Amino acid sequence: MLAARGRVPVTALVDDGFDPVAPLNVGDAPHPVRLAPPQVAAETFVGRSHALVGKSDFTNLEVKYQHQACRARIYDAKRKFLDAARHYYDLSQVGKAAVIACMGEEAAAQMANIDQVIESQNLEALSKAGVCAILAPAGPERSRLLAMLCKDERSNKLPMFPMLKKIYLERVIRVPEIEQFQKLLKPHQMAMTSDGLTVLQKAMIEHNLFAAAHMYNNITFEELGFFLHLSADRAESIARGMLLENRISGSIDQIEGMIYFSSADSSQRVKQWDSYIAGACMAVNDITQYIATNHPQYLMPAES
């Protein structure tokens, strides 16, 4: 563990063993941050701390990272997965200079494996960001976040990267892939929501509907229900909610029992083609990496 001046373990900022009940001493006023229920109270305390920590003249990196980690975990616990993913991603980019500033140069010099520990910690934060991004509500905001994660070279090391890439490319997610991803989730990420679906089920249904909106010009309620493995009424209800929240574009004709998805404009078509090209490049890179690892004799030497 990296002890920040012997008090705050920097490498535990996103670790489930990190104690979020420990007080954040900001200035002269301690603000106890409690992650335990009710999460609303925890968010309130973190909000109060943010008024001080967020100031431009606040330079205590130790408290800043602890505060950032608390915010990420509270958003995660409250199922605000989009905000949680953003905060986890910020934590995944903590550099060696920042860690040394927290620990002090003398304490850092005593650690022989400091680089490996920092890399491991950053990957853990990146993994949590990936999980939260997958569980976040499908829509344009999540698409931007997924693009950022998929373009990060470190994401290739994550266990959920194949699924992360498929969701970024707006491909349909199948049941075996969902079951595999479920093994990575914490209990609160599999909890039942008010509409009778688990957090994961709701996220995957909304994603597949989001993907369908880019695959079809129109679809009947019955066909959409079959596509999503739901009843026609349930499929219509979920589509209506996403339309009202502007997460997909289109209209519903209840008389005909049809959903009409708005056709993409030219800029959206370009973005869609870009995503297809990015997917092809990723596939070629994966194949090249496989050949280099397992059959290096087939690689041509670089010209000098």
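## A pocket and the helix beside its lining

Helix α10 gives the most to the lining of the second largest pocket, with five residues. Keep in mind that this is a predicted model, where local features need pLDDT of at least 70, side-chain atom pairs count only at pLDDT 80 or more, and totals for chains, interfaces and linings use all residues. Residues are numbered from 1 along each chain as its sequence is written, and side-chain values use heavy atoms, leaving out hydrogens and water.

Helices here are DSSP runs (H or I, at least four residues), as are strands (E, at least two), numbered from the N terminus.

| Helix | Residues |
|---|---|
| α9 | 175–182 |
| α10 | 199–215 |
| α11 | 221–228 |

In total, 19 residues line this pocket, and Val175, Ile178, Met204, Ile205 and His229 lie nearest its centre. A lining residue has an atom within 4 Å of a pocket point on a 1 Å grid over the protein atoms alone; a pocket is an open set of points where a 1.4 Å probe fits, with protein on both sides within 12 Å along at least five of seven lines.

Now for α11. Its buried residues are Phe221, Leu224, Gly225, Phe227 and Leu228. They cover an arc of only 160° around the axis, so they sit on the same side of α11; the arc is taken from the directions from the helix axis to the C-beta atoms. On the other side, Glu222 and Phe226 are exposed. Buried means under 20% relative accessible area and exposed over 50%, with partly exposed in between (1.4 Å probe, protein chains only). Just after α11, histidine 229 takes a positive phi of about 60°.
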